[in-house]
Structure formats: structure tokens, C-alpha cells
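Please find below a short note on the model under review.

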Amino acid sequence: MTDLSMRDAALAVYENAYAPYSRFKVGAAIRTEDGTVFQGCNVENVAYPEGTCAEAGAIAAMAAAGARKIVEVYVVADAPLPVPPCGGCRQKLAEFSDGDVPVTMSTLSGMEDKTTVAQLLPGAFDAGHMANT
Ligand code: THU
């Protein structure tokens, strides 16, 4: 998907979130270096730990399409304040992003906070830490 704004892409997939347990729907859009936008929503499960986050879904769609380099992230949720990615998703985003990749967190009403992947995960564990293996 290339001709869709990041916010529109995140809002569209937000509608498909499967969140019967938390009732907290999240939509995420990830843009890669060729401009393609991948979407993901949270998909919960009655076995609660098996649920997956919106960001993880978007990353899985990106990887399945063969893309590897994230250049922009947009997340939307129905919350009073913009919702930041969870710790696990921060590590997942860092796997495919440079530190300066912009991350916009937003509410349904349009309130936005902007940060970067590096700000979300300072001191990230990366492949360099396994140099001796
Ligand atoms: N969730 C996401 O999908 N992304 C986030 O950034 C924060 C949390 C989901 C996981 C779960 O389905 C619900 O929100 C409540 O934690």
C-alpha cells in the first residue's frame, strides 16, 4: 500500500483489531524505504499471552513481503493520551530501524506525540553485543 497517509493506514487497520479481552484496539502502520506502508492490529487470544500487538503484526506483514528497513512508524489507539509501544515492540521495531526513525503515537481524536526508536529504547541490545559468539 503506497498511496495512503500513515494515519489513515493506522486508522483503517485499527478497525480490524481483535481485542475482545482488553477491549483496547490498536492500529499500527509501518513505512519502508520504498514507500510501502504495512499495517497491523492487535490480535488477542483467550490464552492471554498468545495475543500479539499491532506493531508486531505490521512488522510480520513487512517481513513476509520481503521488506527489512523501517523508515516511519505510526500507532493509534482509543485512549485519552497517545499510547507508546510496549517494551517487546520497542525491541522488535529496533530490529528493523535506525535509531532516528520517527514514531508517532496518536489518539483517535488526533492528539499526537512524536518520538524516535532510539528514544523509546535507549541502550538497546543489538547484534554488536554478540560480537564474541
Ligand atoms: N497493544 C498494542 O497492540 N500495541 C501497543 O503499543 C500497546 C498495547 C495491545 C496489546 C493488547 O492487545 C492490548 O493492547 C492491551 O494491552
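1. In this predicted model, the ligand is located in the largest pocket. The description of the site that follows starts from this placement.

2. Which residues are around the ligand? They are Ser22, Phe24, Val26, Asn42, Glu44, Cys53, Ala54, Glu55, Pro84, Pro85 and Cys86. By class, this shell consists of 7 nonpolar, 2 polar and 2 charged residues.

3. Polar side-chain atoms of the shell face oxygen atoms of the ligand in several places. For Glu44, an N or O atom of the side chain is 2.5 Å from a ligand oxygen atom. For Glu55, the separation between a polar side-chain atom and an oxygen atom of the ligand is 2.6 Å. For Asn42, a polar side-chain atom and a ligand oxygen atom are 2.9 Å apart. The ligand taken alone exposes 380 Å², of which the protein buries 78%.

4. Phe24, one of the residues around the ligand, belongs to the loop that runs between helix H1 (6-14) and strand E1 (26-32).

5. Is Phe24 buried, partly exposed or exposed? The relative accessible area of Phe24 is 30%, and because this value falls between the limits of 20% and 50%, the residue is classed as partly exposed.

Technical notes:
Residues numbered from 1 in each chain as written. Predicted model: local features only at pLDDT ≥ 70, side-chain atom pairs only at ≥ 80, totals over all residues. Heavy atoms only, no water. Near = heavy atom within 4 Å. Polar contact = N/O pair within 3.5 Å; in protein donor to acceptor, adjacent residues only side chain to side chain. Areas by Shrake-Rupley, 256 points an atom, 1.4 Å probe, with all protein chains shown as cover. 1 Å grid on protein atoms, 1.4 Å probe; cavity = no way out; pocket = protein on both sides within 12 Å on 5 of 7 lines; lining within 4 Å. Sits in = over half its atoms within 2 Å of the grid points. Nonpolar A, V, L, I, M, F, W, Y, C, P; charged D, E, K, R; others polar. Helix = DSSP H or I, 4+ residues; strand = E, 2+ residues; numbered from the N terminus. Buried < 20%, exposed > 50% of the residue type's maximum accessible area, 1.4 Å probe, protein only.
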